Amino acid sequence: MRRIRRKVAVVGAGLTLFMRRALETGKELSYYAASQALESAGLRLRDIEAVVVSSGPDAFDGVHMKGEWLSDGAGGYCKPIMRSYVGGGSGVFSIIHGWYMVASGMFDTVLVVAEEKMSSCQPHPQGAFLTIFDHTLERPLGPNLLWIFALEQSRYMHTYGISNEEIALVSVKNKRNALNHPCAQVAAELTVQDVLSSEVVAWPVHRLMVSPVSDGAAAIVLASEHVAKRITDKPVWVEGVGWCLDTSYWGNRDLAYPRYVEYAARMAYEMAGIREPRKEIHVVEPYDPFAYKELHHLEGLLLAERGKAAEDLVNGRFDRDGELPSCPSGGLMGVGNPIAAAGLMKVCEIFWQLRGEAGKRQVPGNPKKGLAQAWGDLMQIGTVVVLGR
Amino acid sequence: MGIREKPTRMDQVQSWRADFPVEYLYTTGVAGERFAKTLRERGMLAATRCQRCGVTYLPPRIYCQRCFADLSESWVEVPLQGVIHTYTVVPVRATGEPSQSLEVIAYIRIDGTEGGILGRVAVSPEAVYIGMAVEGVLAPPAERRGAVTDIRYFKPILS
């Protein structure tokens with residue numbers, strides 16, 4: 001891997017409310033997030049040279065070639081625009097995509113917008129997930145998305161001797177953190193018992209261990225070094241990016257450990273010059289569409305020992321005022337999960353945390369480096385970004 | 001009403017109902033046809049083996065995903081036997097209705113391969129465990145269609 005010389009900064013961020021059913025269309029949600037990001041950067045649309053639009057499966061919004069459809073709402077009218085799409089990993093992939101456009105020297109300012117409007121899909125967006133499985137060997141058995149998560153969680157718990165009480169604690173932490181997030185959809189003060197009393201949707205997964213269906217959008221503005229230094233005294237630098245895809249034959253993988261997330265993280269750490277991630281990363285937003293995934297990902301990111309993230313969680317290490325605050329935003333479990341927008345929401349959170357602008361969610365200790373990660377496709381991709389100031 | 005408010009019911013905002021009508025006819029592919037034929041005719045699972053990497057692929061592919069060797073002539077056959085790698089217990093919801101009836105869904109690592117297969121297991125949720133040895137129960141030869149559903153279910157191997 002070669003060292004890239006041109007530095008890229010995040011200079012603005014915007015986010016809509018996340019909700020089960022927004023009145024706004026996908027274009028309108030995109031517009032709110034994008035215009036807010038521009039305003040926070042002190043820029044106007046005409047200052048933007050190129051646009052990245054990121055969104056999950058077309059089947060959610062029910063609009064084919066959704067990226068092109070969203071483009072005008074995302075600020076892409078008559079501009080070079082590219083769609084960034086790797087399923088659930090899209091939100092963090094989108095900043096990588098935007099980073100390329102600036103780091104290459106091609107552009108000085110890039111607007112990155114991520115959107116999802118899942119409520120359009122009837123009767124439930126679960127239907128859009130039924131076609132992600134192998135059409136010959138798996139779909140005839142009628143699998144749904146919950147099955148593979150349940151199978152993975154089950155293997156993870158078995159391999160390391162993790163209890164469902166420990167998994168439930170992720171929901172409790174994140175939904176509580178989200179109480180301080182103005183955009184949150186499913187913030188709540190709950191107990192482990194509340195989570196374990198909720199319906200079992202596919203053993204060992206309970207209803208309250210699953211993120212909700214959401215509509216929403218998020219956006220950031222990226223700028224080259226000379227532009228960033230001109231428009232802000234608080235640039236947040238993209239210090240490392242990484243991504244990696246494992247095979248789509250998900251059953252062939254070690255379900256207890258996300259090796260592809262580790263590879264993505266190692267790539268980002270190497271680029272960022274990070275040798276001891278547990279000491280050098282001060283705040284982290286790992287992807288948490290299901291409660292166990294936060295722990296699974298913290299291990300893949302090398303921020304917890306393999307099989308020990310649950311123990312760290314119980315000991316308070318990942319609390320907002322703990323040694324390594326994890327999902328201080330409230331994550332997908334608390335803020336909500338409009339797929340691509342949820343990933344970019346995590347990038348927005350790290351941006352606000354590093355600038356000291358996270359309000360009631362601000363983690364103590366003046367964090368200097370943070371990491372956001374997303375995950376998706378058929379449980380096969382890890383996308384990672386390290387930000388720093 | 002707008003972004004500052006959160007509608008709580010689907011009928012609170014004006015909408016237009018339409019569908020996204022598409023239908024597909026998937027080919028099972030080079031590896032898929034061989035897999036289906038082997039299952040139908042001999043009741044075995046067809047896998048491909050990369051000698052160089054020492055990996056036996058199930059589901060079979062005609063290429064080695066590690067070294068990109070052509071595996072289209074490199075087949076092995078293994079019986080429908082393996083161990084439960086992980087499992088879940090889900091309500092039977094053929095019609096989308098809630099159900100009291102539960103079924104065990106497992107990922108089964110097939111002996112002699114680096115892979116496995118997803119399947120239903122005829123065992124009670126109380127009795128199932130990770131590491132349980134299981135074997136596939138096939139439809140009678142005359143009823144096999146050359147599809148993965150020719151494997152009716154898996155059942156514990158009684159030792």
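**Entry 1**

The model is predicted: local features need pLDDT of at least 70, side-chain atom pairs count only at pLDDT 80 or more, and totals for chains, interfaces and linings use all residues. Residues are numbered from 1 along each chain as its sequence is written, chains are lettered from A and ligands numbered from 1 in the order in which they are written, and side-chain values use heavy atoms, with hydrogens and water left out.

Glu285(A) forms a salt bridge with Lys346(A), with 2.9 Å between the closest N and O atoms (a salt bridge is a side-chain nitrogen of Lys or Arg within 4 Å of a carboxyl oxygen of Asp or Glu). I placed Glu285(A) in strand 9 (residues 283-285) and Lys346(A) in helix 15 (residues 339-355) of chain A, 61 residues apart. Helices (H or I, at least four residues) and strands (E, at least two) are DSSP runs, numbered from the N terminus. Lys346(A) is also buried, with a relative accessible area of 0%.

I then found that Asp288(A) forms a salt bridge with Lys346(A), at 3.2 Å between the closest N and O atoms. Asp288(A) is in the loop between strand 9 and helix 12 (291-300) of chain A, 58 residues from Lys346(A).

**Entry 2: Arg253(A) and Asp246(A)**

I went to the loop between strand 8 (236-245) and helix 10 (259-272) of chain A, where Arg253(A) lies. Arg253(A) is buried but has no salt bridge, and Asp246(A), the nearest side chain of opposite charge, is 4.1 Å away. For charge, Lys and Arg count as positive and Asp and Glu as negative, while His and the chain ends are not counted. The side chain of Arg253(A) does reach the backbone oxygen of Leu378(A), at 3.0 Å. Leaving aside neighbours within four places in sequence, the residues in contact with Arg253(A) include Tyr260(A), Met379(A), His85(B) and Arg109(B) (contact means heavy atoms within 4.5 Å).

Asp246(A) meets Arg259(A) in a salt bridge, 3.2 Å from N to O. Asp246(A) is buried at 14% relative accessible area, whereas Arg259(A) is partly exposed at 41%.

**Entry 3: helix 6 of chain A**

I noted Ala150(A) in helix 6, buried with a relative accessible area of 0%. Not counting residues up to four places away in sequence, Ala150(A) touches Ala202(A), Trp203(A), Pro204(A), Val205(A), Tyr87(B) and Thr88(B).

Gln153(A) is in helix 6 as well and is buried at 1%. With the residues up to four places away in sequence left out, Gln153(A) touches Asn164(A), Ile167(A), Pro204(A), Val205(A), Met209(A) and Tyr292(A).

**Entry 4: chain A against chain B**

I checked the interface last. In it, 44 residues of chain A are in contact with 42 residues of chain B. The two chains bury about 3,800 Å² between them, 64% of it on carbon and sulfur atoms (buried area is the accessible area, 1.4 Å probe, that two parts lose on being put together, summed over both). In chain A, Arg21(A), Leu137(A) and Leu141(A) lose the most area to chain B, together 17% of what that side buries.

How many salt bridges are there between chain A and chain B? I found a count of 0.

Definitions and conventions
Buried < 20%, exposed > 50% of the residue type's maximum accessible area, 1.4 Å probe, protein only. Polar contact = N/O pair within 3.5 Å; in protein donor to acceptor, adjacent residues only side chain to side chain.
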